[in-house]
Amino acid sequence: MPLARIWAIVSSVRYVSNPPNPYLKYSADFLGEPSTVKLEIFEETATKKIITENNSPDVGFRFSVNCYRGCIHGCTYCFARPYHEYLGYGAGTDFETKIVAKINAPTLLRDELKRTRKTIDSLNFSFTTDPYLPIEADYELTRECLKVCRDFRIPVGIVTKSPLVMRDVDILSGMNATVYFSIPFATIEKSKPFEPYVPVPETRFRAMKTLSDAGIETGIALAPIIPSYSEPDIPALLERAKENGATRAFMTLLRLPTDSLREYFTARLEEKLPTKRDRILHQIMRERGGKLNSNEFGSRMSGTTENWRIAVKMFDLHFKKLGFKKYEASAQMKPTIDEPIQQSLF
Ligand code: SF4
């Protein structure tokens with residue numbers, strides 16, 4: 001994969017920490033004091049396709065668009081971390097600091113939709129990255145792709161943790177779009193150990209309100225719930241989402257699908273919450289049939305213990321009381337307008 005050039009090196013120094021990449025024969029590690037790393041942005045132009053079809057148990061949609069690879073937000077639990085290993089990078093710090101911008105994404109999307117529009121009922125922005133990384137403010141790749149979706153009248157689902165989505169209110173308010181804010185923790189104190197570089201929960205709720213007030217459908221994603229840690233936040237999160245105009249909600253259980261992700265998650269847990277480490281890991285194992293990285297269970301509503309059943313009941317109770325609607329997978333979303341697409345637009 002050609003990566004055109006390093007576009008910028010900016011601040012945000014982080015310690016280097018990457019588990020061994022299973023696709024590389026050799027790997028190197030630092031001895032002694034940990035080295036530090038800065039954010040690097042690479043540009044990629046040669047991709048043939050921009051629409052990805054997936055069957056991951058971590059998401060409930062079929063077609064997605066990702067304008068970036070890697071994610072500056074650096075959530076320690078992110079199931080997308082191992083995708084960075086396909087590029088020859090690590091699933092740890094590399095995922096957060098070596099970011100690839102697919103600079104021809106809007107052009108590719110338009111070309112692809114000319115061929116495939118009839119087979120794609122909706123597109124989701126998110127899967128292997130957040131569509132509103134800070135660098136999106138400059139690149140505007142998500143924004144340009146949204147314009148393409150608007151032209152093709154494709155319903156859009158977005159999952160983000162960033163208030164930058166407010167920039168695109170002008171486009172989203174003219175489309176069939178649902179924006180989910182991923183807010184799995186109610187307070188900064190609970191969020192920071194797992195979401196070190198993500199805008200704080202309060203900021204995400206404010207962005208939710210801005211979009212709701214603009215008439216855009218919004219939702220909350222309690223994703224993921226960290227077993228034995230974040231269940232008590234469920235009622236407060238749903239209530240605050242309701243206050244801020246959300247009409248949809250869903251919840252997922254933490255899943256650590258690869259060894260490298262498990263290793264990174266565990267290391268950060270040890271570093272940030274040493275006294276809770278054993279309890280959280282133990283509970284993840286119990287929920288996942290005895291393995292931290294089990295794929296056996298899907299991630300939605302699928303723990304195995306009484307603890308998880310209580311969490312689901314609590315979610316259901318508040319979900320009904322507050323009048324939320326279910327998460328709508330892309331396959332169920334219907335276009336607002338059924339008119340034929342105006343080919344002259346393209
Ligand atoms: S914001 Fe989403 S894609 Fe980015 S690191 Fe967090 S969970 Fe992963």
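Start with P224, which sits in strand β10. This is a predicted model, so please keep that in mind throughout. Look at the peptide bond from A223 to P224. That bond is cis, with omega near 0 degrees.

Now move along to the loop between β10 and α8. S228 is there. Its phi is positive, near 70 degrees, and S228 is not a glycine.

Find E140 in the loop between α3 (136-139) and α4. E140 has 16 C-beta neighbours inside 10 Å, so it counts as partly exposed.

Next, helix α4 itself. E144 belongs to this helix. E144 is partly exposed, with 16 other C-beta atoms within 10 Å. Which residue is 38 places away in sequence but 5.7 Å away in space, C-alpha to C-alpha? That is P106.

On to the core. The largest nonpolar core holds 87 residues. C145, V179 and I220 have the most contacts inside it. Helix α4, residues 141-152, gives the most to this core: six residues. Take V179 as an example. Set aside its neighbours within four places in sequence, and its contacts are I158, T160, V165, L172, L211, I216 and T218.

Now helix α11, residues 306-321. How many residues does α11 have? It has 16, and at 1.5 Å a residue they should span 22 Å. The end C-alpha atoms are 22 Å apart, so the two agree.

Which residues of α11 are buried? They are A311, V312, F315 and F319. These cover an arc of only 95 degrees around the axis, so they are on the same side of α11. Why can that happen in a helix? An α-helix has 3.6 residues a turn, so residues three or four places apart point the same way.

The cover over the buried residues of α11 includes β10, α8 and β11. On the other side of α11, E306, R309, I310, K313, K320 and K321 are exposed. After α11 comes G323, with a positive phi near 75 degrees.

Last stop, the ligand. Around it are C71, H73, G74, C75, C78, A80, T129, D130 and K161. That shell divides into four nonpolar, three polar and two charged residues.

Definitions and conventions:
Residues are numbered from 1 along each chain as its sequence is written. This is a predicted model: local features need pLDDT of at least 70, side-chain atom pairs count only at pLDDT 80 or more; totals for chains, interfaces and linings use all residues. A nonpolar core is a set of buried Ala, Val, Leu, Ile, Met, Phe, Trp, Tyr and Cys residues joined through C-beta atoms within 7 Å. A residue is buried if 20 or more other C-beta atoms lie within 10 Å of its own, exposed if 12 or fewer, and partly exposed in between; C-beta atoms are placed from the backbone. Helices (H or I, at least four residues) and strands (E, at least two) are DSSP runs, numbered from the N terminus. Two residues are in contact if their C-beta atoms, placed from the backbone, lie within 7 Å. A residue is near a molecule or strand if its C-beta atom, placed from the backbone, lies within 6 Å of it. Ala, Val, Leu, Ile, Met, Phe, Trp, Tyr, Cys and Pro count as nonpolar, Asp, Glu, Lys and Arg as charged, and the others, Gly among them, as polar. The expected span of a helix is 1.5 Å times one less than its number of residues. The arc is that of the directions from the helix axis to the C-beta atoms.
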